[in-house]
Amino acid sequence: MDVIDILILTLGLIFLRFWWRYWSLTGGGFKNLPPGPPGWPLVGNLFQVILQRRHFIYIVRDLRAKYGPIFTMQMGQRTLVIVTSSQLIHEALVQRGATFASRPPDSPMRLVFSVGKCAINSAEYGPLWRALRRNFVTELINPTRIKQCSWIRKWALENHMKRLKREAFENGFVEVMSNCRLTICSVLICLCFGAKISEDRIKIIESILKDVMLMTTPKLPDFLPVLAPLFRKQMREAKQLRNRQLECLVPLIRKRRAFVEKGENPISEMVSPVGAAYIDSLFGLEPPGRGSLGEEEFVTLCSEIISAGTDTSATTVEWALLHLVMNQGIQQKLYKEVVDCVGKDGLVREEDLEKMPYLGAVVKETLRRHPPSHFLLSHATTEETELCGYTIPANVNVEIYTAWVTEDPELWSDPGEFRPERFLEGDGVDVDVTGTRGVKMAPFGAGRRICPAANLGILHVNLLLARMVHAFKWLPVPKAPPDPTETFAFTVVMKNPLKAIILPR
Ligand code: HEM
């Protein structure tokens, strides 16, 4: 080897050393990103996260303790800026809401299900999102429509109570989550398609939507697109699942169209009057940049409503009941409030719920202590901007970690304790759940992308809880006591789903 070769080799090694250091600190990209753990060249922190074999949320908790309220993780080619403090979340989502209201690019697999981001939750901040969201709000969840559709909830709740009685008689106990999921799913299907369908068909729709959620959770090629060819099989499976979803929902859409346009209703499946179902409003919708929508888009837009509204509300009911089962004092107080309002043998109606402050406090405390999702959906900025003195480039993932806010001992006294009373007299009084006046809890997000159906979600939870506690006393199953261990699915659910004994009151 010549001296010149040795010199080139040495210079090469020095260059590599500096390049590695530069990459590990900056991810090879922007220089003024928030701080974060040093990563490896090209893959950033991706494999460090995978090798830890812990859920992402626990890693984020540790990083927050080390790097503070805002930090960066370089996950392959995706840059994640994680925001965790109350002030920064409020600044980003409310004070500078328009800038932080977009969504990052979708992975190819998610694009299969969103038909190119034609859904409220995934559309970028712009005219398409505005048109879809405005249509949803005015057509499905304005107060008049919610009232007009109360018969759907009455029907679903009657089935729910009968099912609970049957299950308790057959097994000696009931499973809370599966029953609540089925009931809420049947309400949302009826709101979307105006149709009453059999429980078996509801279960099929529910299971397909669950598979879609699993299929669209982040995978390796989402962070390293260069690996996509190795995941051809998964892509094929995603397309097959999409076909199953279409085969399941398109016939329902066609029947509804025949009912709306020609009055056809051979088996009396269509029960909502013309104009009262969400799908009716989509038939004539022409959102900017899309023109009139087709069956693929209808399937996507209705599925997002059923998915977004089912697990979130059912999880909340399950966590609330866990505390009512574990703490009979709270359950008795709630039962007394319901009886004082409607009598022992009366029926809880939707308008009665407003007269039950303790119920409201139980639900808020459940959303504080067990927010269904610990992160909001991924946000993105519409343009490069600054937050907390750092640069936030357009199109990086801005991940809002809201769960930390409700665990912060500087904002809540004894944050780990389940104490509904704090919302009647204590640190929860005057808390703004929408986050507009300040973020002390944000189960529905805050600002422009806040959940547009928070009122409907809360109505479902309140109604289920009030009716279930009014009709039955809820007790632990001695051989399967309530277990508050969490696991992370689409929402944060119980690892061992809650089972309870129910005694008619
Ligand atoms: C307890 C029940 C519910 C909870 C806790 C909840 C929570 C959330 C959260 C955290 C977001 C993300 C906000 C963000 O990214 O900033 C969201 C978005 C959304 N939710 Fe809900 N939700 C609930 C019920 C519902 C229901 C019943 C529906 C429909 C009927 C619904 C439809 C949506 C939609 C369409 C979005 C996307 C909004 C957008 O991107 O503009 N949610 N929800």
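What follows is a walk through this predicted model, from the whole chain down to single residues. Residues are numbered from 1 along each chain as its sequence is written. Because the model is predicted, local features need pLDDT of at least 70 and side-chain atom pairs count only at pLDDT 80 or more, while totals for chains, interfaces and linings use all residues.

Let us begin with the chain as a whole. Its secondary structure comes to 18 helices and 10 strands; these are DSSP runs numbered from the N terminus, with helices being H or I over at least four residues and strands being E over at least two. Along the principal axes, the C-alpha atoms fill a box of roughly 95 × 55 × 45 Å. The radius of gyration is 25 Å, which agrees with the value near 23 Å that a compact globule of 505 residues would have. That radius is taken over C-alpha atoms, and the globule rule is 2.2 Å times the number of residues to the power 0.38.

How much of the chain is buried? The share is 40% of the 505 residues, where buried means that 20 or more other C-beta atoms lie within 10 Å of the residue's own, exposed means 12 or fewer, and partly exposed is in between, with C-beta atoms placed from the backbone. Contacts tell a further part of the story: among those with a separation of 6 or more, 71% join residues 24 or more positions apart. Two residues are in contact if their C-beta atoms, again placed from the backbone, lie within 7 Å.

Now for a pair of helices. Two packed helices are described by the angle between their axes and the distance between the axes. Helix α15 (residues 328-342) packs against helix α18 (residues 454-471) at an angle of about 95°, and their axes are 9 Å apart. The axes are lines fitted to C-alpha atoms, for helices over the stretch in contact, and the angles run from 0 to 180 degrees between N-to-C directions. The two helices are therefore roughly perpendicular to each other, given that angles under 35 degrees count as roughly parallel, over 145 as roughly antiparallel, 65 to 115 as roughly perpendicular and the rest as oblique. On the α15 side the contact is made by Gln331, Leu334, Tyr335 and Val338, and on the α18 side by Ala466, Val469 and His470. Sorted by class, this contact has 5 nonpolar, 2 polar and no charged residues. Here Ala, Val, Leu, Ile, Met, Phe, Trp, Tyr, Cys and Pro count as nonpolar, Asp, Glu, Lys and Arg as charged, and the others, Gly among them, as polar.

The loop between α17 (403-407) and α18 holds cysteine 451. In an unreviewed UniProt entry, the annotation "binding site" covers Cys451; UniProt positions are given in the numbering used here, feature names are shortened, and annotations may be inferred rather than shown by experiment. Is cysteine 451 buried or exposed? Cysteine 451 counts as buried, because it has 20 C-beta neighbours inside 10 Å. Leaving aside neighbours within four places in sequence, cysteine 451 is in contact with Phe444, Gly445 and Gly457.

Aspartate 414 is also placed in the loop between α17 and α18, but it is exposed, with 10 other C-beta atoms within 10 Å. Its backbone deserves a look. Most residues other than glycine have a negative phi. Aspartate 414, although not a glycine, has a positive phi of about 40°. Valine 115, in the loop between α5 (108-114) and α6 (127-140), likewise has a positive phi of about 40°. Valine 115 counts as partly exposed because it has 19 C-beta neighbours inside 10 Å.

Next comes aspartate 280, in helix α13 (residues 278-283). Aspartate 280 is buried, with 20 other C-beta atoms within 10 Å. Not counting residues up to four places away in sequence, aspartate 280 touches Val260, Val274 and Gly275. The C-alpha atoms of aspartate 280 and glutamate 139 are separated by 9.2 Å, and the two residues are 141 residues apart along the chain.

A last stop is threonine 79 in strand β2 (residues 78-83), which counts as buried with 22 C-beta neighbours inside 10 Å. Threonine 79 and serine 178 are 99 residues apart in sequence and 37 Å apart in space, C-alpha to C-alpha.
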